[in-house]
Amino acid sequence: MLKTPQATVFSLPVGRGHVLYRPLALHGDLNTGYLDFRGVRLHLECPGSVPVPRDADLASLAALSSPSAPPVAGLEVLDTHCGAGAYTMALLLAGAARVTAVDEEPECLTATEANVRANGLPARLLETAPSLDAVRDRSSPENGGFDLIVHHPPVGAPGRGLPFGRLTGLLAPGGTLLATVSSLDEPGSVLTAAEDSGLHGRVLERCVLDVPSPGTNGLRSPTPGAGVGDRSPAFRPGDRCHVDTMVFRSGFTAGD
């Protein structure tokens, strides 16, 4: 069941990109920029093939600044698609006891570690892993699993469906899954899959924005008549979409 009590809705300007992430310079294959989280400016370097964050991909980062966001301080947290480390840095800044950053690209893991250190965040609280399989043992009774999992694969990417079975297996008892669900990604099927896994969700925040461009994430261009992703409908340049930040837990009740 989808619960949407008092979900915050914010809209980014039409025709403007780079609102949540501000690129500063491009030096060869190194893109530098910054983002703001809870009043702190975090600088980001994206070398080589490391994807440059798009506003659509950072919508859930903005939601984590909300007063109604799930707590982070003192928790064991899993960041499932760390990229250059924007979410990992924000989670450390919010007081996570430990953040495990996952990405299948070694260059992304290296960039995340470098950005954490460059921003003066506690690198001793960071672990990295190349896949969810590599952190499966965290769900064992001895380790207790993760208190919070933040799942934010690139919006509009083919095959982006939430792997609820794998993610719930990594959650600690009573843990929380925070995930992005966009109008480009068949949200109805996501919610059905969540219920099949025994999870119920509510929308924490909705971000309305332009359909994202492919950027450096290997997505298809939103050209006339072309979909943004394998099964999404056709979108044209200038079309708008929304990205929901959702909180999933087992046994959610209204008011949670």
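Are Phe164 and Phe248 buried or exposed? I looked this up in what is a predicted model, and I noted that both Phe164 and Phe248 are buried.

**Aromatic pair**

I searched the whole structure for aromatic pairs and found 1. I then placed the two residues: Phe164 belongs to helix H4 (residues 164-168) and Phe248 to strand S14 (residues 240-250), so the pair ties together parts that are 84 residues apart in sequence.

**Cysteines**

My search of the whole structure for disulfides returned 0. I checked Cys82, which is in no disulfide and has the sulfur of Cys108 as its nearest cysteine sulfur, 6.0 Å away; with 3% relative accessibility, Cys82 counts as buried. I also checked Cys241, which is in no disulfide either, the nearest cysteine sulfur being that of Cys207 at 8.1 Å. For Cys241 I recorded a relative accessible area of 4%, and this residue is therefore buried.

**Backbone at Arg38**

I turned to the backbone and wrote down a phi near 50 degrees for Arg38, a positive value in a residue other than glycine. Where does Arg38 sit? I located Arg38 in the loop that runs between strand S4 (30-37) and strand S5 (40-47). Its relative accessibility is 44%, so I listed Arg38 as partly exposed.

Conventions
Residues are numbered from 1 along each chain as its sequence is written. This is a predicted model: local features need pLDDT of at least 70, side-chain atom pairs count only at pLDDT 80 or more; totals for chains, interfaces and linings use all residues. Side-chain values use heavy atoms; hydrogens and water are left out. Helices (H or I, at least four residues) and strands (E, at least two) are DSSP runs, numbered from the N terminus. Buried means under 20% relative accessible area, exposed over 50%, partly exposed in between (1.4 Å probe, protein chains only). A disulfide is a pair of cysteine sulfur atoms within 2.5 Å. Rings of Phe, Tyr and Trp (its six-membered ring) pair if their centres lie within 6.5 Å; planes under 30 degrees apart count as stacked, over 60 as edge-to-face and the rest as tilted.
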